[in-house]
There are 2 protein chains.
Amino acid sequence: MIKIGYIVIDCQEPAAIAKFWEEVLGAKVTFADGTGAMLENLVNLENGDKFPPILFYKNPDAKIIKNRLHFDLSPDDQGAEVLRIEGLGGKRIEIGQSADPATTWVVMADPEGNEFCVLKSPEATS
Amino acid sequence: MIKIGYIVIDCQEPAAIAKFWEEVLGAKVTFADGTGAMLENLVNLENGDKFPPILFYKNPDAKIIKNRLHFDLSPDDQGAEVLRIEGLGGKRIEIGQSADPATTWVVMADPEGNEFCVLKSPEATS
């Protein structure tokens, strides 16, 4: 038997990126040193269940191309959360999503350029 | 408030890759069509809590460089799980881990080359 124990994200500055995600997600950095940082107590919006820890792992590799793995974040208020995340150092980015008028999510990146999406609010009609 | 709703993995063949991970993790593909596939009912080994769905999302981009995000899998028996995953189409790969004799995990890749690690068994002493 095997299960997902951790999600690992390569970082050049693990403590800084963990801090960004701590604030975005309301989670808790439980460990940080020069080699990495651990973010725990993550809760999944859909059912209240917990999420495995995210390990931000020191790696000298530069961010070059779009990540093949990313998070879709479920907000209670899409517009307010996008503004809040911009205040934390996140940026709106364009990866081609504007070409599709049906796109309802906002594409953003963390301070090292890792992409994520902010989905539309549950009750939103547009 | 915002939470992780999904983990999204870009795939050239979402249904095939979802099937691979369904078998690796003992989870369930609950949806699959030409645009993507959804894997649900994932449980985190550490505490028995559920994991958000993984959405395998059709994307023509080729896998070029090592992913910056990956899963660390917690097995009950590392050697047996590595063999089982090889039988499902996973491969052992070398990304430099052998240079460190203290490495206790096995680095593998799914059929599209997405890297993941199989950690040592909980009771293993080496």
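Residues are numbered from 1 along each chain as its sequence is written, and chains are lettered from A in the order in which they are written. Because the model is predicted, local features need pLDDT of at least 70 and side-chain atom pairs count only at pLDDT 80 or more, while totals for chains, interfaces and linings use all residues; side-chain values use heavy atoms, with hydrogens and water left out.

Trainee: In what order do the elements of chain A run from the N terminus on?
Mentor: Helices (DSSP runs of H or I, at least four residues) and strands (runs of E, at least two) are numbered from the N terminus. Chain A has 2 helices and 10 strands. Written out from the N terminus, their order is β-α-β-β-β-β-β-β-α-β-β-β.

Trainee: What is the radius of gyration of chain A?
Mentor: The value is taken over C-alpha atoms, and the globule rule used for comparison is 2.2 Å times the number of residues to the power 0.38. For 126 residues that rule gives 14 Å, and chain A comes close to it, so the chain is as compact as a globular protein of that length, with a radius of gyration of 15 Å.

Trainee: What share of the residues of chain A count as buried?
Mentor: Buried means under 20% relative accessible area, exposed over 50%, and partly exposed in between, with a 1.4 Å probe and protein chains only. Among the 126 residues of chain A, the buried share is 47%.

Trainee: Which are the edge strands of the open sheet?
Mentor: Two strands pair if DSSP finds at least two bridges between them. By that criterion 8 strands form an open sheet with mixed pairing, in the order β2(A)-β3(A)-β6(A)-β1(A)-β7(B)-β10(B)-β9(B)-β8(B). The strands that pair on one side only are β2 (28-33) of chain A and β8 (91-92) of chain B.

Trainee: Which residue is the bridge partner of B:A109 in β10(B)?
Mentor: Strand β9 (residues 106-109) of chain B pairs with strand β10 (residues 115-118) of chain B in the antiparallel sense, over 4 bridges. In β10(B), the partner of B:A109 is B:E115.
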